[in-house]
Amino acid sequence: MKQAYQYPDAKRFPMKDFDMVKEGILSLIVITVLVLIVAAIAGAPYRPAVTNQQVAMQSPLVIEQTALGDLDGSGSIASYGPPYNNGTGSVQSIAGFSPQTWWGVSYPVNTATDDVITPLSMLASASGNSQLAKALSTYQEAPSATQAKWNQNLSNAFNKATVVGGTVKLPAGNYGPVAYMMNSELQLARSGLLSGALSRETNQGVYRFNVQNDLLFLQGDALHDIAGKTDLSGEQWGINHDEQAYPGPWWLTPYTFFYQVPPWNTSAAGDEMTAYTVGALFLLLLFVPWVPGLNRLPRLLPLYKLIWRDWYRDEKGRKKDNKADPGFGAQVGHNH
Amino acid sequence: MNLTARIRKQVSEQLSWDRLLPSEQPTYVSSLVYSFGVLTLSSLVVVIVSGIVMSAKSPVWYQTSTVGEYFRAIHFWSVQAFFFFMTMHLVVQFFMGSWREGRALTWVLGVLSFGVGVLTAFTGYLSRGDFFAQWNQVQSKDAFNGAGLNGFFNALDNGQIYGLHIAVLPTILIVLVAWHLIAVRGKGVVPPYPIEGNSGAKVGERS
Ligand code: HEM
């Protein structure tokens, strides 16, 4: 009866004692001790998160430019496309294949209202600031051609703006209420309240897990400037290394590799191309046992001879013995 | 034979203690490379235990308290060990052609574990709550969106990332690894390539 339950191979090969449980316990002890020691000595990488408040303090112009881009629709999120809105700016497509668009606008963002108008009206009513309330209504009631002119003038003026004492100084010009609105947005960010005003409130603000709009506001120049300084951008093998002298997620190397070489790093659909290329490679790995050629590759490479060198050496001996005693081959295994 | 009887027979053969916990192995099992699987498993145990401690407390705890930071470091380094040993394990299993003789499912379950492991680690990096997490959230959103995963996944929603990282993906990973191990034990360790095959390899040949 017992015989039937044993491995098929137990009948084909000589067996030896092997203490699996002991090996497992030993391995667990070794790994645990090693990890506890390394963790105690080396710690783990940590660089505090960046906030809109910090950006407002260090680069006030970035906040105002981002807010203006959100207001006039020239910002990258304003025209992103699915899943945030109906734009086309960041829609990736390979010869018409664009799964990004299949799900519609799943996480809607209207940058002008969500990032600028709503936070500023909250600020106006919270602080009883009638000048800001008036600026907002002036802006919203103005014809869109006028709005566009103000925005354009201000956008040009930002190129000549200077930062004095934490605020943005502009040359004289016709900006309507927009310059004041942008300055208010900057003050809101400096106070630390902008992030809260941006965070999506999906259930009356009880779960503030979704930080989408806050991160989308930061994602442009604000974060790129900081990431570039720490070699984290995509073309610097970004995700591959951590921000300090620690090992990063190096196992993503095959993934980040494609961001370094054409056509993946030159295509506007580079992310999509990389995702599907890596997906295809993963399937190849998954189906190695059935891929002709690939499934015979290890047979052609001599590495298995190294791994099983003891066995092959002993086998040679056994073969010799076999010649002397042809009965041996049939009698593999001890009699347990 | 009815279904119940068939399942019972299958299970009692495949999952017999003789197969799950054999006290002997074929003599060809004599190389350190056989330890990579066990070392991967041990690292995974440390990853899971430290992860459970961290989720029992809170994200703020492991970012601000000394003990919390130590557990973050344990989690971080055991993940490095996990991927190191898993990669070595994958490479040697490839060179041993371990999918042979009915072990294809074992290989497939291993590759799936690798894939789910990568996703779990990625959502972990996004859950770090520091600049690295923020940065990779805004960077990877374009990749997830471009790939068409936006219908399901929002890389900027910390609730979803955290839930995936601490519950959904680890559960899938644990099931896959358990199944992988049962498959390994069910078949026994893959035998060496035969000495004289069509590639003409000779006994004891070194290169
Ligand atoms: C979560 C990750 C994994 C764990 C915990 C794990 C664990 C193990 C263990 C303990 C063994 C038996 C001992 C050994 O041969 O090392 C084993 C065998 C095996 N593993 Fe994995 N493994 C993992 C991932 C993988 C991956 C990524 C692959 C390959 C793509 C893989 C393929 C195999 C194969 C084919 C065997 C059978 C070897 C044989 O029959 O001799 N495993 N695994």
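## Confidence and conventions

Chain A has a mean pLDDT of 86, with 87% of its residues at 70 or more; pLDDT is the predictor's confidence in each residue, on a scale from 0 to 100. This is a predicted model, in which local features need pLDDT of at least 70 and side-chain atom pairs count only at pLDDT 80 or more, while totals for chains, interfaces and linings use all residues. Residues are numbered from 1 along each chain as its sequence is written, chains are lettered from A and ligands numbered from 1 in the order in which they are written, and side-chain values use heavy atoms, with hydrogens and water left out.

## Helix α6 of chain A

Helices and strands are DSSP runs numbered from the N terminus (helices: H or I, at least four residues; strands: E, at least two). Helix α6(A) covers residues 130–141, and its end C-alpha atoms are 16 Å apart, in agreement with the 16 Å that its 12 residues should span at 1.5 Å a residue. The expected span is 1.5 Å times one less than the number of residues.

Accessibility is classed by relative accessible area: buried is under 20%, exposed is over 50%, and partly exposed is in between (1.4 Å probe, protein chains only). In α6(A), the buried residues are Leu132(A), Ala135(A), Leu136(A) and Tyr139(A). Viewed down the axis of α6(A), these buried residues fall within an arc of 95°, so they line one face of the helix; the arc is that of the directions from the helix axis to the C-beta atoms. An α-helix has 3.6 residues a turn, so residues three or four places apart point the same way. On the other side of α6(A), the exposed residues are Ser130(A), Lys134(A) and Glu141(A).

At the N-terminal end, α6(A) is capped by Asn129(A), with a side-chain oxygen 3.1 Å from the backbone nitrogen of Gln131(A). Polar contacts are pairs of N or O atoms within 3.5 Å; within protein, one must be able to donate a hydrogen and the other to accept it, and residues adjacent in sequence count only if both atoms are side-chain atoms.

Just after α4(A), Gly73(A) takes a positive phi of about 85°.

The loop between α4 and α5 of chain A holds Pro83(A) and Ala95(A). Pro82(A) and Pro83(A) are joined by a cis peptide bond with omega of about 5°. Ala95(A) is not a glycine, yet has a positive phi of about 45°; with a relative accessible area of 86%, Ala95(A) is exposed. A cis peptide bond also runs from Pro262(A) to Pro263(A), with omega near 0°. Pro263(A) lies in the loop between α12 (253–257) and α13 (270–286) of chain A.

## Overall form of chain B

Chain B has 8 helices and 1 strand, in the order α-α-β-α-α-α-α-α-α along the sequence. The radius of gyration of chain B is 21 Å, whereas a compact globule of 207 residues would have one near 17 Å. This radius is taken over C-alpha atoms, and the globule rule is 2.2 Å times the number of residues to the power 0.38. Along the principal axes, the C-alpha atoms of chain B fill a box of roughly 60 × 55 × 40 Å.

Of the 207 residues in chain B, 56% are buried. Among contacts in chain B with a separation of 6 or more, 68% come from residues 24 or more positions apart.

## Two residues of chain B

Gln63(B) lies in helix α4 (residues 59–64) of chain B and counts as buried at 16% relative accessibility. The side chain of Gln63(B) reaches the backbone oxygen of Arg128(B) at 3.1 Å. Leaving aside residues up to four places away in sequence, Gln63(B) touches Tyr46(A), Glu69(B), Arg128(B) and Gly129(B).

Glu101(B) sits in the loop between α5 (66–95) and α6 (104–126) of chain B. Its phi is near 55°, a positive value in a residue other than glycine. Glu101(B) is partly exposed, with a relative accessible area of 42%.

Terms used: Contact = heavy atoms within 4.5 Å.
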